Amino acid sequence: MPSTVLVGAQWGDEGKGKITDLISSDYDYVVRYQGGNNAGHTVIHGGKKLALHLMPSGIMYESCIPVIGNGVVVDPSVLVDEMAKLESQGFSCERLVISCDAHVIMPYHRDLDGANEKRLGNNKIGTTKRGIGPAYQDKAARIGIRIQDLLDEKIFREKLETALAIKNPELQFYGLEPYTVEQICEDYLAYADIIRPHMAETAQILNQALREGKNILFEGAQATLLDIDHGTYPFVTSSSCCAGGACTGTGVGPKAIDKIIGISKAYITRVGSGPFPTELFDEDGETLSEIGHEYGVTTGRKRRCGWFDAVIARYATDCNSLTDMALTKLDVLSAFDTIKVCVAYKADGKEYDYFPMQQSALYPGHVEPVYVELPGWKGEDITGCRTFEELPENARKYVEYLEQIIGVRISIIAVGPDRDQTIFRGWSSR
Ligand code: GDP
Ligand code: IMO
Ligand code: MG
């Protein structure tokens, strides 16, 4: 102890990578607990911009052990590439530990992800097509292949055969080529040779670390509203992104968690399909997109943009038991005369200050965000501010207003993508 969960409080891309990297040096372990290479976490370290997909953002610190937990789905081809890339940039991956219980993304998962999206047509989820959903689907169906299966060629072949007996007809249904055991074995057994030294019983390692008083940071990918249970289903990812996932995805019990920090942008974005009450289709939306460089790190897609949604922030606070919040990209709001905050929804004749029971209420034609409009600090460059007091008065008031309506302390404020463009306001990892 102590340990912290860092979790996205919106629809992803809140700046989790930056904040994880920023606080990592306080922790002995940084652990990914769910998701896979659908994540794209930007870290700017020593002037270098890195996009991490599978690797925990603590990889840059020699003092920190990066761990991929059992709740993650691992595409070994991506992992091997990411490791090679990091090594070539001077970051050693020797310390990386991978749970032997994590599930493996297979080539047919990627194929089926794409085929399923095509089948859905206009109703598509807008996935990253990295095979994430189909891999978790097989995990739940108990025909998944785990990292430890790569250790024993006989077991791997047997499990693959069982899986292919179900997957090949599915591929053929979509008009796709089936796979042979041989084809997959050739590649995957080669990956296994590279990954083998990193495989471990990570639950034991982490629990032992806690007993020894070590600090653990659990790094969430995706976010609260993309959580398979708590998100805007079916427009979600297939894993437990919320703080509770840190337990199931690592083998550490809930009593071991001390702090839970939610990451929110000072506005909100979403990639892919699904409801988005405060989405802007006007010039303000374009301004957020352009000034905030809102393009996906994994797929390059343009992110949908909207005003800060306090209904979502309160929901995320509850779903994750947030103790703190980090507010990122406050600098982007310097482009506006006034700034809107959604404090409630009006839908179908009712007003909601919490998530409505029926998701249909969140769609255009039903939902009307109730906005409070606050004065901005247009034209004032806040990217050089390093203390709360240095911020313009209206920026301080904006932050204080959010704190008041969400009910959580905003203890970190990011005013630019670089590490030092950050204001600490009472954050402590202990
Ligand atoms: P993640 O998936 O949550 O790690 O977030 P992404 O890396 O996908 O997207 C966040 C983007 O915002 C990245 O390009 C970051 O470099 C950038 N970023 C993070 N914090 C700030 C900030 O305070 N201001 C600005 N302008 N950019 C930021
Ligand atoms: P980070 O960790 C934003 C979205 C996809 C799609 C839905 C399902 O960088 O915040 P999937 O491929 O997971 O089955 O896609 O989830 N999505 C993300 N959106 N940031 C992410 O990760 C995302 N990972 C998945 O766009 O709508
Ligand atoms: Mg991202």
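Buried means under 20% relative accessible area, exposed over 50% and partly exposed in between (1.4 Å probe, protein chains only). I worked on a predicted model, where local features need pLDDT of at least 70 and side-chain atom pairs count only at pLDDT 80 or more. Side-chain values use heavy atoms, with hydrogens and water left out.

**Entry: overall search.** I looked for salt bridges (a side-chain nitrogen of Lys or Arg within 4 Å of a carboxyl oxygen of Asp or Glu). The search of the whole structure gave 24.

**Entry: Asp149 and Lys159.** I found these side chains joined in a salt bridge, 3.4 Å from N to O. Asp149 sits in the loop between α4 and α5 and Lys159 in helix α5, so the pair ties together parts 10 residues apart in sequence. Helices (H or I, at least four residues) and strands (E, at least two) are DSSP runs, numbered from the N terminus. Asp149 is buried at 4% relative accessible area. Lys159 is partly exposed at 32%.

**Entry: Arg110 and Asp75.** I noted a salt bridge here, with the closest N and O atoms 2.6 Å apart. Arg110 belongs to helix α3 (residues 107-120) and Asp75 to the loop between β6 (73-74) and α2 (76-88), so parts 35 residues apart in sequence are tied together. Asp75 is buried, at 1%. Arg110 is partly exposed, at 30%.

**Entry: Arg146 and Asp101.** I recorded a salt bridge at 3.2 Å, N to O. The pair links distant parts of the chain, 45 residues apart. Arg146 is partly exposed at 28%, and Asp101 is partly exposed at 25%.

**Entry: network.** Which residues are linked in a network of salt bridges? I listed Asp13, Lys265, Glu294, Arg303 and Lys329.

Conventions
Residues are numbered from 1 along each chain as its sequence is written. Chains are lettered from A and ligands numbered from 1 in the order in which they are written.
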